[in-house]
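Okay, thanks for having me, everyone. Let's have a look at this one together on the screen.

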Amino acid sequence: MADTLEFNEIYQEVKGSMNDGRLRLNRQGVIFKNSKTGKVDNIQASDLAEGVWRRVALGHGLKLLTKSGHVYKYDGFRETEFDKLSDFFKTHFHLDLAEKDLCVKGWNWGTVKFGGQLLSFDIGEQPVFEIPLSNVSQCTTGKNEVTLEFHQNDDAEVSLMEVRFYVPPTQEDGVDPVEAFAQNVLSKADVIQATGDAICIFRELQCLTPRGRYDIRIYPTFLHLHGKTFDYKIPYTTVLRLFLLPHKDQRQMFFVISLDP
């Protein structure tokens with residue numbers, strides 16, 4: 001058994017966009033390098049909780065769940081690569097690579113299960129679809145209804161804007177199933193809300209992209225750009241690189257933030 005496995009032309013699913021790159025597995029864990037941005041995801045072997053192999057749109061896919069609740073999805077494997085991946089998981093990660101099929105019945109009713117940072121909509125024992133709760137930007141409730149809105153990915157050709165779940169009433173006293181559903185979502189969702197005072201504020205700064213003048217408020221977990229027409233909130237987790245570049249007048253500087261996506 002080799003100590004390292006490498007796969008080229010593997011795609012990582014991030015908010016609806018398939019990002020191509022190289023996947024490498026070794027004794028220490030799993031490493032994926034994005035070909036476009038150079039961003040590297042490093043999953044330690046000791047943090048791996050489960051590995052799932054299943055048929056997906058781009059051939060076969062590998063889903064990894066960590067003990068901290070994070071989910072990573074990689075597509076583009078060939079069916080014949082299952083055996084060597086399964087042996088590698090058993091030998092080096094001491095995990096069984098489970099084979100699980102998605103349900104394709106087309107039903108729109110089923111059971112919602114919450115596990116870690118993942119919402120799974122299941123029919124019987126088979127998942128129909130899964131939603132990483134970190135992709136949720138807002139969760140609102142109505143009568144017997146919960147609506148999820150999502151962070152958008154500019155690199156995705158088609159974006160899912162929202163999903164609505166009908167939650168039937170329950171006979172249990174003192175239990176509101178709609179509120180319980182919403183709290184399960186909000187406990188893991190990446191809802192950006194300005195609570196408390198900003199750490200500091202820069203007034204009327206000129207921005208090239210997005211163009212215009214903005215008040216920039218710095219909060220502990222995100223950056224808030226407030227303009228006359230538009231508002232933007234940038235989580236620090238999406239920041240890849242920061243640059244200070246000289247202006248041609250030799251007196252000013254450009255501050256550039258590289259984001260993913």
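What we have here is a predicted model, where local features need pLDDT of at least 70, side-chain atom pairs count only at pLDDT 80 or more, and totals for chains, interfaces and linings use all residues. Residues are numbered from 1 along each chain as its sequence is written, and side-chain values use heavy atoms, with hydrogens and water left out.

C139 counts as buried, because its relative accessibility is 9%. How many disulfides are there, taking a pair of cysteine sulfur atoms within 2.5 Å as the rule? The count is 0. C200 is in no disulfide, and the nearest cysteine sulfur, from C207, is 14 Å away. C200 is at 29% relative accessibility, so we call it partly exposed.

Now the sheet. Helices (H or I, at least four residues) and strands (E, at least two) are DSSP runs numbered from the N terminus, and two strands pair if DSSP finds at least two bridges between them. We get an open sheet of 3 strands, antiparallel, ordered β12-β13-β14. β12 (136-142) and β14 (162-166) are the edges; each has a single partner strand, so one side of each lacks a neighbour in the sheet. Strand to strand, the twist averages 15°, with axes fitted to C-alpha atoms, for helices over the stretch in contact, and angles from 0 to 180 degrees between N-to-C directions.

β12 pairs with β13 (residues 145-150) over 6 bridges, antiparallel, and T140 has T147 in β13 as its bridge partner. Finally, helix α2 (residues 177-186) lies across β12, β13 and β14, at about 170° to β12; contact means heavy atoms within 4.5 Å.

Notes:
A disulfide is a pair of cysteine sulfur atoms within 2.5 Å. Buried means under 20% relative accessible area, exposed over 50%, partly exposed in between (1.4 Å probe, protein chains only).
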